[in-house]
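This report looks at how parts of one chain pack together. Please have the sequence and the structure at hand while reading.

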Amino acid sequence: IEKLGEEDVTTLSALSGDMIKEVFAPREDVFHDSLTSIGRALGSFIYIMDAVDDLKKDIRHSHYNPLKTLSQKDDFSAEVKELLELSLSQAASGLERLPLDDNLSILRNIIYSGVWSRYEILNRKKSI
């Protein structure tokens, strides 16, 4: 789909999420739905963050990036943040449905704040 020049980052990130969900939920069991939700959401988040991270370089070198057109909009930063927040809220929802005791605080830290570290770096550099 990237080779066809698709610019709908939601479609592309969903495909990435579908791949990652297979790692999180490789078998049908009682946890499958929650793990699928987490994997799909994190895969989407990773795809979008990678596109954001590469955007300036891809524009400079005329490489494909699904965010090129969107980046021309005045509200680009807000739209990207909204997409990322949506992905992470879905991951958090899946996490909170799991019956975890051990390491729950670590996993919550990752989902609720840890994954935002790269976003904050890019935002400070005005890459977003």
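A crossing of two helices is called left-handed if the near helix is turned anticlockwise from the far one by less than a right angle. The model discussed here is predicted.

## Packing of H2 and H5

Helix H2 covers residues 32-60 and helix H5 covers residues 117-124. Their axes lie 11 Å apart and form an angle of about 25°. Angles under 35 degrees count as roughly parallel, so H2 is roughly parallel to H5. The crossing in which H2 passes H5 is left-handed.

On the H2 side, the contact is made by Met 49, Val 52 and Asp 53. On the H5 side, Arg 118, Tyr 119 and Leu 122 take part. Sorted by class, the residues of this contact are four nonpolar and two charged, with no polar ones.

## The largest nonpolar core

The largest nonpolar core has 29 residues, and the members that touch the most others are Leu 67 and Leu 84. Two or more residues each come from helix H1 (9-24), H2, helix H3 (76-97), helix H4 (104-112) and H5. H2 gives the largest share, ten residues.

What is Leu 67 in contact with, leaving aside neighbours within four places in sequence? The partners of Leu 67 are Val 9, Ile 48, Ala 51, Val 52, Leu 55 and Phe 76.

## Pro 99

The loop between H3 and H4 contains Pro 99. Residues with over 50% relative accessible area count as exposed; Pro 99 has 61%, so Pro 99 is exposed.

In sequence, Pro 99 and Phe 31 are 68 residues apart. In space, their C-alpha atoms are 9.0 Å apart.

Definitions and conventions: Residues numbered from 1 in each chain as written. Predicted model: local features only at pLDDT ≥ 70, side-chain atom pairs only at ≥ 80, totals over all residues. Heavy atoms only, no water. Axes fitted to C-alpha atoms, helices over the stretch in contact; angles between N-to-C directions. Helix = DSSP H or I, 4+ residues; strand = E, 2+ residues; numbered from the N terminus. Parallel < 35°, antiparallel > 145°, perpendicular 65-115°, else oblique. Contact = heavy atoms within 4.5 Å. Nonpolar A, V, L, I, M, F, W, Y, C, P; charged D, E, K, R; others polar. Core = buried A, V, L, I, M, F, W, Y, C linked by side-chain atoms within 4.5 Å. Buried < 20%, exposed > 50% of the residue type's maximum accessible area, 1.4 Å probe, protein only.
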